[in-house]
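Have your viewer ready and keep the selection tool at hand. We will go from stop to stop, selecting a few residues at a time.

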Amino acid sequence: MAVRFPFARTLCLALVLGAVGLAPAGAQQVEPPARQKKLPEAPPKLPKVDRSKNLEFLFGALKAAPDEASAKHVEARIWAIWLQTPSDTASLLMARAKTAVDAKKIDVAIKLLDSVIKLRPDYIEAWNRRATLYYMQNDYGRSLADIQQVLIREPRHFGALAGLGMIMQEVGDEKRALEAYRKALAVNPHLEKIPDQVKALTEKVEGRDI
């Protein structure tokens with residue numbers, strides 16, 4: 001994807017590397033994508049899980065899953081734990097944010113997620129959902145900043161890692177896109193479409209250095 005402002009790519013890289021500041025919103029505008037895409041999200045139907053369920057066990061099971069069906073089952077259980085809200089107030093705000101998204105009121109949904117994050121900054125799914133909404137608005141700088149917050153709290157968040165790869169690829173940084181995709185697959189080898197992206201980017205990025 002062509003970036004309209006030359007320094008937008010620099011901004012994105014700075015965020016990934018841990019910079020804390022954001023450039024003015026106008027500096028983050030990019031050409032709209034040809035078709036709307038979303039960062040990886042939880043499946044619509046999730047199993048009920050015990051909040052104390054050991055994520056270490058589930059991540060091990062995800063890597064060892066013998067087939068796609070088994071992997072999807074384990075993946076859904078991981079998402080279910082991530083999605084468990086820390087309070088009734090956060091749960092209500094998350095539900096209202098989803099309603100706002102369904103009504104295509106993205107700005108309203110973002111404000112609701114702002115409130116969740118202010119209330120419970122440890123709740124990674126609020127950061128992840130807001131990253132998705134910023135991405136839908138082509139605000140890659142803020143989306144990357146939220147993805148970074150997700151990964152600080154849960155470095156194994158394969159959805160955020162895949163989303164990071166998608167944004168890096170769209171702003172033209174194929175090397176960092178490849179790194180992010182590889183990290184996502186190291187956690188969840190069963191992610192859809194990501195292996196194809198890794199194959200294509202490996203040929204382009206690593207082929208250039210030969």
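**First stop: two neighbouring helices**

H5 and H6 are roughly antiparallel to each other (an angle over 145 degrees; under 35 is roughly parallel, 65 to 115 roughly perpendicular and the rest oblique). To see this, select residues 106-119 for helix H5 and residues 124-136 for helix H6. They pack at an angle of about 155°, and their axes are 9 Å apart. Axes here are lines fitted to C-alpha atoms, for helices over the stretch in contact, with angles running from 0 to 180 degrees between N-to-C directions.

You are looking at a predicted model, where local features need pLDDT of at least 70, side-chain atom pairs count only at pLDDT 80 or more, and totals for chains, interfaces and linings use all residues. Residues are numbered from 1 along each chain as its sequence is written, and side-chain values use heavy atoms, leaving out hydrogens and water.

Now show the side chains between the two helices. On the H5 side, select Ile106, Ala109, Ile110, Leu113, Asp114, Val116 and Ile117; they meet Ala126, Trp127, Arg129, Arg130, Leu133, Tyr134 and Met136 in H6 (contact means heavy atoms within 4.5 Å). The residues of this contact divide into eleven nonpolar, no polar and three charged. Nonpolar covers Ala, Val, Leu, Ile, Met, Phe, Trp, Tyr, Cys and Pro; Asp, Glu, Lys and Arg are charged, and the others, Gly among them, polar. The crossing of H5 and H6 is left-handed (the near helix is turned anticlockwise from the far one by less than a right angle; clockwise would be right-handed).

**Second stop: the other partner of H5**

The crossing here is left-handed. Among the H4 residues in the contact are Leu93, Met94 and Arg96, and the H5 residues they face include Leu112, Leu113 and Val116. By type, the contact has 13 nonpolar residues, two polar and one charged.

Glu125 lies in helix H6. Glu125 counts as buried because its relative accessibility is 1% (buried is under 20% relative accessible area, exposed over 50%, partly exposed in between, with a 1.4 Å probe and protein chains only).

Ala131 is also found in H6, and at 0% relative accessibility Ala131 counts as buried. Try the distance tool from here: the C-alpha atoms of Ala131 and Ala160 are 8.6 Å apart, although the two residues are 29 places apart along the chain.

Select residues 158-170, helix H8. Its 13 residues reach 18 Å from the first C-alpha to the last, close to the 18 Å expected at 1.5 Å a residue (1.5 Å times one less than the number of residues). Is H8 mostly covered or mostly uncovered? It is mostly covered, with twelve of its 13 residues buried; Phe158, Met166 and Glu170 are among them. After H8, click on Gly172, whose phi is positive, near 95°.

**Last stop: the whole chain**

Zoom out and colour by secondary structure: the chain has ten helices and zero strands (DSSP runs, H or I of at least four residues for helices, E of at least two for strands, numbered from the N terminus). Of its 210 residues, 45% count as buried. Among contacts between residues at least 6 apart in sequence, 65% join residues at least 24 apart.
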